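Work through the exercises below with the sequence and the 3D view open. Try each task before reading its solution.

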Amino acid sequence: MGLIGMFAFLQVYSVQAILPVLITDFAATEVQAGMVVGATILAIAIMSPFLGMLSDAVGRKVFIVGALLFLAIPTALIAQSPSIGWMGVWRFLQGLSVPGITVVTIAYIGEEFEGRAVTELMSFYVSGSVLGGFMGRFLLGHLHELIGWRAGYYVMAAMTLLGALWVTKMLPASRQFVANPNFRSAIQTLGEHLVNRYVVTSCLLGACVLFSLVGCFTFINLHLADTPYELSTGALANIFAVYLLGVIITPLSTTLLRRFGSARTVRVAVVVSMLGVLLTLVAPLWGVVIGLAVMSSGVFITQSATISYIAVNVKKGRSLASGLYYMGYYVGGTLGAWLGGITYARGQWSLTVWLLLFVQVLALLIASFGMIKTKSKAA
């Protein structure tokens, strides 16, 4: 589960490490650079519910493997991009395949396992996705310095193909999956989910979470590439090592969830994330790095708690519920890339920080008033 999460997110945010280079190579604006990040995220948002419904009818493993194979194609085509616009097209095509991995994997876990095992496997899946997010940025940043970003994307495509072959061999076939090819039934389930408090609250919370993460880790690159820091792509790639904290912290969040429940865990995690965002305003580079580490740790715990909240509380149409969650999640990320670009162009990093804090306050309100308090282990 951890490695599937890694392969799913290896490509999603990789471009963030080379944004300053793309602005120079393509004579692009900050908003255009942000939307290259947002193109993949928008496609994921659009496709998540539909691939969830299709997977409910067809199966799990075949979708995961097929999505990984398709993902390798636009990844290789990015290397041929003649303009920032074409790069956005290939990035959009990347995003069309990602829900076939993410949404279906969450449904697979919910079907094949029960109780404590679900929470633990979800935390490993999120840890893998965190590792993939880091590896994509880290590898492409250093590959650019070694062979250029275009050749670097060929390497990334080859890694995705290897991932598809690995999943084909190692992932056990579903045992509990029951096909539901009835489209009318799927529409009925969709209607039930749209008024399900668990699903709606999770979608709104997910939107705030990814808005903050994308807005922060996209435009902090432009901030750190500018004076007084003037970091290279390799140095920017190294900054993303703070992501590795999420690999460690996310499995530990399982203990917090069992002890305090999802609602309390999310509230604390959001407050921690807000403190991290504020720390990025500290002038020395070490202060910015600490701020990013604290901010991302809070985000990863929030994401893990929210995904588990759906998996535990939604029993019918799990794949569709996961698809709706990811639609909300990635709509938030798209808005983070777009509004963050506008905000950064007008007020640089300091104004971007206040935008992120505003969205995190919304997340805190959603968690406080929207989430149904789950019983802790002690209770």
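Where is the place of alanine 27? Alanine 27 sits in the loop between helix H2 (19-25) and helix H3 (30-58). Helices here are DSSP runs of H or I with at least four residues, numbered from the N terminus.

The model is predicted, so local features need pLDDT of at least 70 and side-chain atom pairs count only at pLDDT 80 or more, while totals for chains, interfaces and linings use all residues. Residues are numbered from 1 along each chain as its sequence is written, and side-chain values use heavy atoms, with hydrogens and water left out.

**Exercise 1. Backbone exceptions**

Task: describe the backbone at alanine 27, glutamate 230 and proline 228.

Solution. 
- Step 1. Recall the background: most residues other than glycine have a negative phi, and most peptide bonds are trans.
- Step 2. Alanine 27 is not a glycine, yet its phi is positive, about 50°. With a relative accessible area of 67%, alanine 27 is exposed (buried means under 20% relative accessible area, exposed over 50%, partly exposed in between, with a 1.4 Å probe and protein chains only).
- Step 3. Glutamate 230 also is not a glycine and has a positive phi of about 50°. This residue lies in the loop between H10 and H11, and its relative accessible area of 53% makes glutamate 230 exposed.
- Step 4. Proline 228 is in the loop between helix H10 (197-225) and helix H11 (233-239). The peptide bond that joins threonine 227 to proline 228 is cis, with omega about 5°.

**Exercise 2. A loop residue**

Task: decide whether valine 314 is buried or exposed, and list which residues it touches.

Solution. 
- Step 1. Locate valine 314: it is in the loop between helix H13 (285-313) and helix H14 (318-369).
- Step 2. The relative accessibility of valine 314 is 3%, so it counts as buried.
- Step 3. Leaving out residues up to four places away in sequence, valine 314 touches His193, Tyr198, Val199 and Ala321 (contact means heavy atoms within 4.5 Å).
- Step 4. For a distance, take threonine 29, which is 285 residues from valine 314 along the chain: their C-alpha atoms are 43 Å apart.

**Exercise 3. Helix pairs**

Solution. 
- Step 1. Axes are lines fitted to C-alpha atoms, for helices over the stretch in contact, and angles run from 0 to 180 degrees between N-to-C directions.
- Step 2. Helix H7 (residues 116-147) packs on helix H8 (residues 149-170) at about 135°, with the axes 7 Å apart. The contact includes Leu139 and Leu143 of H7 and Val155 and Met159 of H8. By class, it has ten nonpolar, three polar and no charged residues (Ala, Val, Leu, Ile, Met, Phe, Trp, Tyr, Cys and Pro count as nonpolar, Asp, Glu, Lys and Arg as charged, and the others, Gly among them, as polar).
- Step 3. Helix H1 (residues 2-9) and helix H6 (residues 99-112) pack at about 155°, their axes 9 Å apart. Ile4, Ala8 and Phe9 of H1 meet Ile101, Thr102 and Thr105 of H6. Of these contact residues, four are nonpolar, two polar and none charged.
- Step 4. The axes of helix H4 (residues 61-78) and H8 cross at roughly 170° and come within 8 Å. Among the residues in the contact are Leu68 and Ala72 of H4 and Ala157 and Leu161 of H8. The classes are 16 nonpolar, four polar and two charged residues.

**Exercise 4. Aromatic rings**

Task: characterise the pair formed by tyrosine 326 and tyrosine 330.

Solution. 
- Step 1. Count first: the structure holds ten aromatic pairs (rings of Phe, Tyr and Trp, with its six-membered ring, pair if their centres lie within 6.5 Å; planes under 30 degrees apart count as stacked, over 60 as edge-to-face and the rest as tilted).
- Step 2. The rings of tyrosine 326 and tyrosine 330 are 5.6 Å apart centre to centre with 15° between the planes, a stacked pair.
- Step 3. Both residues lie in helix H14, four residues apart, about one turn of the helix.
- Step 4. Tyrosine 326 has 0% relative accessibility and so counts as buried; tyrosine 330, at 0%, is buried too.
- Step 5. Tyr325, Tyr326, Tyr329 and Tyr330 make up one aromatic cluster.

Key. Helix = DSSP H or I, 4+ residues; strand = E, 2+ residues; numbered from the N terminus.
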